[in-house]
Amino acid sequence: MALTPLNDSMITGAQDYASIDNSISSMIIDQKRHTRPWFIMFTIGIMGTGLLGTAITWLLYQGVGIWGNNIPTAWAFDIVNFVWWIGIGHAGTLISAILLLLRQPWRNSINRFSEAMTIFAVMCAGMFPLLHTGRPWVAIYWLFPYTNIMGLWPQFRSPLMWDVFAVSTYFSVSLMFWYLGLVPDFATLRDQSKNRFARVLLAIVCMGWRGSQRHWHRYEQAYLILAGLSTPLVLSVHSIVSFDFASSVVPGWNVTVFPPYFVAGAVFAGFAMVLTFAIPIRKIYKLEDLITMRHIDWMAKITLATGLIVAYGYSLELFYAWYSGNPNEWDMTLLRRLTGPYSWAYTALIICNIVAPQAFWVPAWRQKLWLVMVVCQFVSVGMWLERFVIIPMSLTANYLPSANRMYYPTFWDFGMFLGTIGFFIMLMFLFIRFMPVINIFEVKDLLYKLLGHRDAQIAIKPVEVGAAVGGGE
Amino acid sequence: MSYSGPAEKGTFALVAEFTSAEALLEAAEKIGAEGYRETDAYTPFPVHGLSDAMRFHDVRMPWFIFCGGLIGGFTGYTLQWYTATIDYPLSVGGKPFNSLPSFFPVTFEATILFSALTAFICTFALNGLPKPYHPIFNTPGFQRATVDRFFFAIEKSDPKFDPEETRKFLEGLGAVAVSEVEN
């Protein structure tokens, strides 16, 4: 083939355990590695967080009337953003848990920061439904089961309650999984850090980890079981999110294909976001040897595959609308999407989610980083539009035409959405600066496995590796 | 085994240092075959096969997690059943008070949450962490145990432990250094 040969490896360059350590931990130990790009991104993040703070303050002072929500469109940007953010988080769990169970060792170099992404995305997501209640501190009694003085209990038959449990469980489990993975890496950093304050702090957060085999043994048991638990969990979370819609009778929502199609869409958007962060970070921090072109290639392929599942979901949506024989379903799912007042959104959605990712069929294009970045932005926008088309748009026209009403977002709708993006960027860049962005011990494990399989085609120079690790002399 | 009780003076263990996981595995196999049981290896990443070589086996964790999951599922369902049928029965669309299908998601999530919490807590509890001090940290060069060196300790509490014999034995296994570590 005329294409440049793809670098078919998960770790490149002449590497030994110490050099892997060095390239990852120096991002924390040597704070001078964080130069202008970090400050620019962090400033953007801080500004977004400021906007978010302003939007929330004004919302709590004034009430949800500052948003464009109306009746019948009671669910709008808040729920769109909630679903979008939750979806973005799902790639992290897919990478860390499902790929672990499927024994895909290439996940080892990207799982840490996608898990971080999961946690931050769920934090952003959680804000929206809480703030949509207007006064979250008053809403607690119908969100959480506790013995309140009114003697009331939450309504467990409601998908919204399931959502509360699914999202809070998801956040807790992701956090535990993430922290468990960080413990041995904190120990590595503790042993490498020269700064006394940092050493003490790291010794505390690593719980005195000493790398004992007896500990590793139980650690791996727990880690594998947590992965096994996270796998059905992540599938359940977005399924339950989709129940919010699928279990209703609103035309455009009442579709049984929603759960699997929402999960695929979540992974689709999530991988686009992972790539959006991975590509610049590997460049700025020179991690090209650990996050290789092979990783980019694989992630692009997963994006394409999940994109095709999403496309299939769209076609099934149309099929069910026709097959149900319900004229309102047909009107909402096809006619209004193609010719109605929001047809621009549906057209843009098809271009972003179905047309744009097809670029990933071409191997050479999957290696053009700028192109991958552009496609990923299309996917992010497209997945947001998908939720916009499904959620507020379906509400604008119901069974009773006299109740139809357009929905227009306000400045504060956009303000809060952009604010959470800024908040997310801020957290991500703080994470990059103060925590190991790649799982150190798992990459070492990967290197050990790559070296153990001598027949594997790896681009590591055998002589240098032999001198560094293999020889034992 | 893990260190327990206040630090008494004297030898804690003889610690051999290796430069590769393969060398450590080989040595661990021989040490295990020799009959040493109060041993431990310290590695920067989990080396598969090492537990077997050390004749170490512990399957308590999965059972704990399983029980955690059972308790979680039971708690989740009972919570819904009690609130919906006994404490605050409310007829919604004529559905039965004990609406089994609607109670599945929360039961499921509670199962996952409790098992994950059990896994998380057990990892630390069974490993005796957090433990800020351990005599193994007195080993010269032990900072590299989390970077690129592999250590193997035969503890003094082992019945076969003999300061001279054990040291000679360890030195014959290809270790780059063997050191006596104090408590």
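Reader: What percentage of the 473 residues in chain A is made up of buried residues?

Author: A residue is buried if 20 or more other C-beta atoms, placed from the backbone, lie within 10 Å of its own C-beta; it is exposed if 12 or fewer do, and partly exposed in between. Buried residues make up 50% of the 473 residues in chain A. In chain B, 42% of the 183 residues count as buried. The model is predicted: local features need pLDDT of at least 70 and side-chain atom pairs count only at pLDDT 80 or more, while totals for chains, interfaces and linings use all residues. Residues are numbered from 1 along each chain as its sequence is written, and chains are lettered from A and ligands numbered from 1 in the order in which they are written.

Reader: How many helices and strands does chain A have?

Author: Helices and strands are DSSP runs, numbered from the N terminus; a helix (H or I) has at least four residues and a strand (E) at least two. Chain A has 17 helices and zero strands. Chain B has five helices and four strands, in the order β-α-β-α-α-α-β-α-β along the sequence.

Reader: Which chain is more spread out than a compact globule?

Author: For chain B the rule gives 16 Å for 183 residues, but the radius of gyration is 25 Å, so chain B is more spread out than a compact globule. The C-alpha trace of chain B spans about 80 × 35 × 30 Å along its principal axes. For chain A, a compact globule of 473 residues would have a radius of gyration near 23 Å, and the value of 24 Å agrees.

Reader: Into which domains is chain B divided?

Author: Domain bounds come from an automatic or database domain assignment. In chain B, domain 1 takes residues 11-57 + 134-182 and domain 2 takes residues 60-126. The C-alpha centres of these two domains of chain B lie 44 Å apart.

Reader: How many residues of chain B are in contact with chain A?

Author: Two residues are in contact if their C-beta atoms, placed from the backbone, lie within 7 Å. By that test, 60 residues of chain B are in contact with 52 residues of chain A. The largest share of the side of chain B that touches chain A comes from H4(B), with 16 residues. To sort this side by class, Ala, Val, Leu, Ile, Met, Phe, Trp, Tyr, Cys and Pro count as nonpolar, Asp, Glu, Lys and Arg as charged, and the others, Gly among them, as polar. The side of chain B that touches chain A has 37 nonpolar, 15 polar and eight charged residues.

Reader: Which residues of H1(B) are buried?

Author: An α-helix has 3.6 residues a turn, so residues three or four places apart point the same way. In H1(B), the buried residues are Ala21(B), Ala23(B), Leu24(B), Ala27(B), Ala28(B) and Ile31(B). They cover an arc, taken over the directions from the helix axis to the C-beta atoms, of only 150°, which puts them on the same side of H1(B). The expected span of a helix is 1.5 Å times one less than its number of residues. For the 14 residues of H1(B) (residues 21-34) that is 20 Å, and the end C-alpha atoms are 20 Å apart, which agrees. Just after H1(B), Gly35(B) takes a positive phi of about 105°.

Reader: Which residues have a positive phi without being a glycine?

Author: Most residues other than glycine have a negative phi, and most peptide bonds are trans. Met207(A) has a positive phi of about 60°; the residue sits in the loop between H7 and H8 of chain A. Arg55(B) has a positive phi of about 55° and lies in the loop between H2 and H3 of chain B. Met207(A) counts as partly exposed, with 19 C-beta neighbours inside 10 Å, and Arg55(B) counts as partly exposed with 15.

Reader: Where is the peptide bond to Pro130(B) placed, and what is its omega?

Author: Pro130(B) is in the loop between H4 and strand E3 (150-155) of chain B. The bond from Leu129(B) to Pro130(B) is cis, with omega near -5°. In chain A, the bond from Ile71(A) to Pro72(A) is cis, with omega near 20°, and Pro72(A) lies in the loop between H2 and H3 of chain A.

Reader: Which residues does Trp209(A) touch, not counting residues up to four places away in sequence?

Author: They are Val183(A), Pro184(A), Ala187(A) and Leu129(B). Trp209(A) is in the loop between helix H7 (196-205) and helix H8 (213-246) of chain A, and is buried, with 26 other C-beta atoms within 10 Å.

Methods:
Rg over C-alpha atoms; globule rule 2.2 N^0.38 Å.
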